[in-house]
Amino acid sequence: MQLQYEIIYHNVDKNILHLKAAPGDEGKTARSFFEELIKKNKANLHAESDEEEIPGMGQALRCINARNATSLSFLMSKEGVRYTPQAGIIGKQDERVTLLTTQYAERGKVNLEFLFRDRKQDSPFVQSGVKTVKLENMPLRQELFVSFDNSQKDSRMAIIPRYSHKFESNTQRQNFIKEAMNRGQFIAIHVMLTTTGKPDLSMLQTEINYVTMYAMHRARELEKKMWSIAACAHLVDVTDEVLVRYGFTPAEIAQNRTLDGTTQIHNPKRALAGSENSSSPQKPEAQNPQNA
């Protein structure tokens, strides 16, 4: 009684139910109950077959979705107490975010240093945020305000980031936006942190078997790297919505969409984020990181 969950599927006779515990603290009791129930009744439970009516359809849809992502996303692995970017994919629609992350990176790479610039503070958003997501079992969301001047040669001078929760008032937020627009361009990014589940190595088994034939240690390294992935970050451009929220006019919003200069936007479908700064390019035939 009093368990917080939702029914996400039932059969015609309504004697088979698929249940999902509520996220966060509300569903904590339900998750504990279901885990204990399954643990004590394994002998009476039968694994449901996940065979597809059309073989390969699931993988095809996953790959189509990953190749046509609308936002920039990247995976992070845990190295000691830190979470380090590994592989990412650039969306086709967020040109401002694409420019921001590729302007100061080699082709085929992204520069994510500005997301981690608060790493020396008491509670850096990404590093502490992933821990919060794990504890509360819910995605964590925050807005990042960026003052961007692409005429600067140094990325640390060109990109000045500040998370919205660090401002003390809306007046400070509005002043930051005005200064950013006068300086160059204002960009607002919705940053969402989530944790990842176990990697689906079955999708990579053919490739892993092939690598094992010639370099077993490389195959082991690949599997180890896949298992090390612990979190994922999604970056969505919400600039226009933020400007409307803080009372800027349509003319000001339209003017903010363009940058002075002749910077060209490179929009590769895939990119890696091997460190907080940049990374090595990914082979075209490699499995998309969003499927991890």
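Glu-106 counts as exposed, at 54% relative accessibility, where exposed means over 50% relative accessible area, buried under 20% and partly exposed in between (1.4 Å probe, protein chains only). Its side chain meets that of Lys-109 in a salt bridge of 3.0 Å, N to O, a salt bridge being a side-chain nitrogen of Lys or Arg within 4 Å of a carboxyl oxygen of Asp or Glu. Lys-109, by contrast, counts as buried, at 13% relative accessibility.

The model is predicted, so local features need pLDDT of at least 70 and side-chain atom pairs count only at pLDDT 80 or more, while totals for chains, interfaces and linings use all residues. Residues are numbered from 1 along each chain as its sequence is written, and side-chain values use heavy atoms, with hydrogens and water left out.

The structure holds 10 salt bridges. Side chains of opposite charge can pair when their charged atoms come close. Glu-36 and Lys-40 form one of these bridges, at 3.5 Å, N to O. The two residues are four apart in helix 1 (residues 28-40), which means that about one helical turn separates them. Helices (H or I, at least four residues) and strands (E, at least two) are DSSP runs, numbered from the N terminus. Lys-40 is exposed, with a relative accessible area of 64%, whereas Glu-36 is partly exposed at 36%.

A further salt bridge links the side chains of Glu-113 and Arg-117, at 2.8 Å, N to O. Glu-113 is buried, at 5% relative accessibility, and Arg-117 is partly exposed, at 22%.

Rolling a probe the size of a water molecule over the atoms shows where empty space is left. On a 1 Å grid over the protein atoms alone, a cavity is a set of points where a 1.4 Å probe fits but cannot get out, and a pocket is an open set with protein on both sides within 12 Å along at least five of seven lines; lining residues have an atom within 4 Å of a point. Grid points are joined across faces, edges and corners, and a volume is the space filled by probe spheres set on the points. By this rule there is one cavity of 30 Å³ or more, and about 30 Å³ of space lies in the largest cavity. Its lining has four nonpolar, two polar and one charged residues. Here Ala, Val, Leu, Ile, Met, Phe, Trp, Tyr, Cys and Pro count as nonpolar, Asp, Glu, Lys and Arg as charged, and the others, Gly among them, as polar.

The second largest pocket holds about 580 Å³ of space. Of the 14 residues that line this pocket, Leu-17, His-18, Leu-19, Ile-38 and Leu-45 are the closest to its centre. Strand 1 (5-10), strand 2 (17-21) and helix 1 each supply at least two residues of its lining. By class, that lining has 10 nonpolar, three polar and one charged residues.

Helix 3 (residues 95-102) has seven of its eight residues buried, so it is largely enclosed by the rest of the structure. The buried residues are Arg-96, Val-97, Thr-98, Leu-99, Leu-100, Thr-101 and Thr-102. For Thr-102 the relative accessible area is 10%. Thr-102 and Ile-90 are 12 residues apart in sequence, and their C-alpha atoms are 9.8 Å apart in space.

Strand 8 (residues 229-237) is likewise largely enclosed by the rest of the structure, because seven of its nine residues are buried. Strand 3 (residues 72-79) pairs with strand 8 in the antiparallel sense over six bridges, where pairing requires that DSSP finds at least two bridges between two strands. In strand 8, Ala-231 stands opposite Met-76. Strand 7 (residues 185-195) also runs antiparallel to strand 8, and seven bridges join them. Here His-190 stands opposite Val-236 in strand 8.

Asn-256 lies in helix 10 (residues 250-256) and is buried, with a relative accessible area of 2%. The side chain of Asn-256 reaches the backbone oxygen of Phe-186 at 2.9 Å.

Notes. Polar contact = N/O pair within 3.5 Å; in protein donor to acceptor, adjacent residues only side chain to side chain.
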